[in-house]
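This report describes selected features of the structure shown below. It takes up backbone geometry, helix packing, the nonpolar core and a few individual positions in turn.

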Amino acid sequence: MNIHAQTSPPIEDFPRKWLCRRDSVLTNEKSWEESLQWKTASKATTQLRGHVDLHNIHETDSNVSTTRHEISEDLSEKAVKLFESGVRDLLDDSFGSNFLLGLTSLINLHSNDAIAVITPFVLGETVNAEVISETLTALGRIEHLPSYKFRRWLLESGLASSSPRIRDSATLGLASMRDPHAITYLQRAIQQEPSEELRQDMQSVLDYLERIRKCLLG
Amino acid sequence: MGGSTIFPSCSFITGGKVKKTIAAKLPDPATWQSSTLRLTAFLGPTARVSENTWWADLIGKPPESRTIRQQKGEQNDQGPFEQGTIALNVNPARVDWLFVPKVDPEKFEGNMPTVGSFPEVVDLFLKFMQRWLTPPMCPPIQRLAFGAILHQPVDRRASGYALLNSFLPAVDVDPQNSSDLLYQINRPRQSTCGVKDLLINRVSKWSVMSVQFVGIQVDQAPTTKILGPENFACNVELDISTDKEFQSELPREQLSIIFQELVELGKEIARDGDIP
């Protein structure tokens, strides 16, 4: 059954702002079909190891582990330098591609650890709002499956930022992800949003994600 | 806490052949010593934890030590609790509560550090954590875990492997001619606490460890001194957690019950070994 063709929303339904955004470095989102294929493929299968009752086991990989591992100081330093360079570029009026290349490279190399080190900058709002804003927009578009959930979590968290610019970018990032998981958080954000304009933007993304959810439910 | 548990006789079938039949006598769970007990909460996107007052709310006084790492958004608190130390580690994405031994160098006798017998201290830890998990204190949580590192001292390596053999019905260990075994498995189960579609991962990691404590004097030319004999122990690390695929935040009013379920599943592994 080819559900992808039936469920993929028409391109004109995407939030207008999402289509208008420049994306000089990152390639666009994976196709709808690819997203669904990935979800299917991510259901881990168990490898036969030893004499074990395989019917009662799945996922023997380390994905289920909750033990904490220390993130290297080196990686933290890289994140600090990235954000510092972002702020410098902003002052030079050359902000954009270098920062986004650096961010993409950091995530490709360090996956969830990279998201973990940028999270305090984003949620603590300790760097320039424009840099955070570009970070969030990019997080919604980067093609990197292993960090997908953590990126989505960070975008959903960004909806509660004190900065309207950051809330706007978090909304935009979530629109790029096209994941109905964000619906609950958008609904809450809309209820608390003081800016009428931003509330309307959030509502249009919410409507868009609702349509996706309906398509997925068939 | 006397007596021993009799492991039910059972067969495991692989490829149509009977693999192993066990009617082993397992030791009393009270023989498990706790090296670490842990609660981990993965926070929901709406959680804001930077200015929490959990330590003071639960303990009633400020922590003995507090370290803030602003750049990493981390807070580490520590202080005494029962026979050990409680540590609270917070960052924007997760909260860890750890109950670990307090090692006093003056009174150290070379034994493996412990906070006490597992069945006893785990109930203390559970009660303490249930206070934190009761609204309105706890933040929104999307995944919850109970972790423990337990050991049972044995007299030699072979005894450790013999003990592992009885805890691992699906594995054949030759106690006399084995070393470096590390066996990790996840045996997920559906939660029975009433939360729809909640899967619980039951990860256990089994090994025999050898520990010898060495003191290092650093004031002049560094010298080392062996502080005790080589000790052996059967070791199990438990990591019991709600599944990361669960799609929403866990219901706040049920967090306490969910954590209790995780702890009970941990107790079951300590009592019965690696069972489906």
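Predicted model: local features only at pLDDT ≥ 70, side-chain atom pairs only at ≥ 80, totals over all residues.

## Loops and backbone geometry in chain B

The phi angle of B:E82 is near 50°, which is a positive value in a residue other than glycine. Because 15 other C-beta atoms lie within 10 Å, B:E82 is classed as partly exposed.

A positive phi is also found at B:D180, where it is about 60° although the residue is not a glycine. B:D180 belongs to the loop between α3 (157-167) and β12 (182-186) of chain B, and, because it has 6 C-beta neighbours inside 10 Å, B:D180 counts as exposed. B:D172 is placed in the loop between α3 and β12 of chain B; it has 12 C-beta neighbours inside 10 Å and therefore counts as exposed, a count that falls within the limit of 12 or fewer for that class.

A cis peptide bond runs from B:P135 to B:P136, with omega near 10°. B:P136 itself is in the loop between α2 (118-132) and β11 (141-154) of chain B.

## Chain B as a whole

Chain B contains 4 helices and 17 strands, and buried residues make up 36% of its 276 residues. Among the contacts in chain B with a separation of 6 or more, 67% are accounted for by residues 24 or more positions apart.

## The largest nonpolar core

Which residues touch the most other members of the largest nonpolar core? Of its 97 residues, they are A:L186, B:L144, B:L164, B:F259 and B:L262. Helix α5 (residues 97-124) of chain A gives the most to this core, contributing 12 residues.

The surroundings of B:L144 can be given in detail: leaving aside residues up to four places away in sequence, B:L144 touches B:A41, B:S241, B:T242, B:L250, B:L255, B:I258, B:F259 and B:L262.

## Packing of α5 and α6 in chain A

In chain A, α5(A) packs with helix α6 (residues 129-141) at an angle of about 110°, and their axes are 11 Å apart. The two helices α5(A) and α6(A) are therefore roughly perpendicular to each other, since angles of 65 to 115 degrees fall in that class. The crossing in which α5(A) passes α6(A) is left-handed.

On the side of α5(A), the residues A:F99, A:L100, A:L103, A:I118, A:F121 and A:V122 meet A:I132, A:E134, A:T135, A:L136 and A:A138 in α6(A). By type, the residues of this contact of α5(A) with α6(A) comprise 9 nonpolar, 1 polar and 1 charged.

## Further partners of α6 in chain A

Helix α6(A) also packs with helix α7 (residues 148-158) of chain A, their axes coming within 9 Å and crossing at roughly 140°, which makes α6(A) oblique to α7(A). The crossing of α6(A) past α7(A) is left-handed. Here A:L136, A:L139 and A:G140 in α6(A) meet A:R151, A:L154, A:L155 and A:G158 in α7(A), and the residues of the contact divide into 4 nonpolar, 2 polar and 1 charged.

How are α6(A) and helix α8 (residues 164-177) of chain A packed, and at what angle? The angle is about 10° and the axes of α6(A) and α8(A) are 7 Å apart, so α6(A) and α8(A) are roughly parallel to each other. Residues of α6(A) in this contact include A:A129, A:I132, A:S133 and A:L136, while those of α8(A) include A:R165, A:I166, A:S169 and A:A170. The residues of the contact of α6(A) with α8(A) divide into 9 nonpolar, 6 polar and 2 charged.

## A position in helix α10 of chain A

A:R211 is placed in helix α10 (residues 196-217) of chain A. Because A:R211 has 15 C-beta neighbours inside 10 Å, this arginine counts as partly exposed. A:R211 and A:A170 are 41 residues apart in sequence, and their C-alpha atoms are 19 Å apart in space.

Conventions. Residues numbered from 1 in each chain as written. Chains lettered and ligands numbered in written order. Core = buried A, V, L, I, M, F, W, Y, C linked by C-beta atoms within 7 Å. Buried ≥ 20, exposed ≤ 12 C-beta atoms within 10 Å, placed from the backbone. Contact = placed C-beta atoms within 7 Å. Axes fitted to C-alpha atoms, helices over the stretch in contact; angles between N-to-C directions. Parallel < 35°, antiparallel > 145°, perpendicular 65-115°, else oblique. Left-handed = near helix turned anticlockwise from the far one by under 90°. Nonpolar A, V, L, I, M, F, W, Y, C, P; charged D, E, K, R; others polar.
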